[in-house]
Amino acid sequence: MSSSFLSREANEEYAQCLREVVDKLLVLLSLGLGLEGNVMREAFGRDDLEYLLKINYYPPCPRPDLALGVAPHTDMSALTILVPNEVPGLQVFKDDHWFDAKYIPNALIIHIGDQVETLSNGKYKSVYHRAIVNKDRVRISWPVFCSPPPDMVVGPLPQLVNEENPAKYKTKKYKDYEYCKLNKLPQ
Ligand code: OGA
Ligand code: NI
């Protein structure tokens, strides 16, 4: 890893670039629901959206068949922007099967997280995924979790809820959602 990745300037620049990507994605996701472009971004706190970088380090494992890097889960964020190294491992669950996420150099992997599922009242589904380990190569991934601020109240958008489409999710503060998720409590 080059030391420039660790520099404060590099992180600030990366965050700035990610903000533009996330803003665009939220506009497209809003339009996809037939809403004004700014609706989702507003509902997630506008300029107060929080960005959290995590670095996953998966050492080589002699028996990848017996170990998991990350157990299956959905991300509790609104969106996750993930950059992996070239060692495959991320898998996505669809139609009863685990699929490898194809590694495309310089591409960003975008996860829909739980908060987008909630806001869209289930029209968008948060992606169920896991990470497997490699027999002889180190795998690293750099996900950035983009979430509403802790006190932001998130629930199905009123525009999407009516008698035929009742709310499928509770409306609650993001920090309360996070607490329940981390402690495996019912939402
Ligand atoms: C995560 C995650 C997958 C990966 O950190 O939430 O799903 O590819 N990581 O490392
Ligand atoms: Ni994840």
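The shell around ligand 1 divides into five nonpolar, four polar and three charged residues; here Ala, Val, Leu, Ile, Met, Phe, Trp, Tyr, Cys and Pro count as nonpolar, Asp, Glu, Lys and Arg as charged, and the others, Gly among them, as polar. This is a predicted model, in which local features need pLDDT of at least 70 and side-chain atom pairs count only at pLDDT 80 or more, while totals for chains, interfaces and linings use all residues. Residues are numbered from 1 along each chain as its sequence is written, and side-chain values use heavy atoms, with hydrogens and water left out.

Lys54, Asn56, Tyr58, His73, Asp75, Leu82, Leu90, His129, Arg139, Ser141, Pro143 and Phe145 surround ligand 1, each with a heavy atom within 4 Å of it. Strand β9 (139-147) and strand β2 (56-58) each supply at least two residues of this shell. The largest share, four residues, comes from β9. Strands are DSSP runs (E, at least two residues), numbered from the N terminus.

| Residue (polar side-chain atom) | Distance to an oxygen atom of ligand 1 |
|---|---|
| Asn56 | 3.0 Å |
| His73 | 3.1 Å |
| His129 | 2.9 Å |

The protein covers 98% of the 290 Å² of accessible area that ligand 1 has on its own, by the Shrake-Rupley method with a 1.4 Å probe.

Because His73 lies in strand β3 (residues 68-73) and His129 in strand β8 (residues 129-132), the pair ties together parts that are 56 residues apart in sequence.

Key: Chains are lettered from A and ligands numbered from 1 in the order in which they are written. A polar contact is a pair of N or O atoms within 3.5 Å; within protein, one must be able to donate a hydrogen and the other to accept it, and residues adjacent in sequence count only if both atoms are side-chain atoms.
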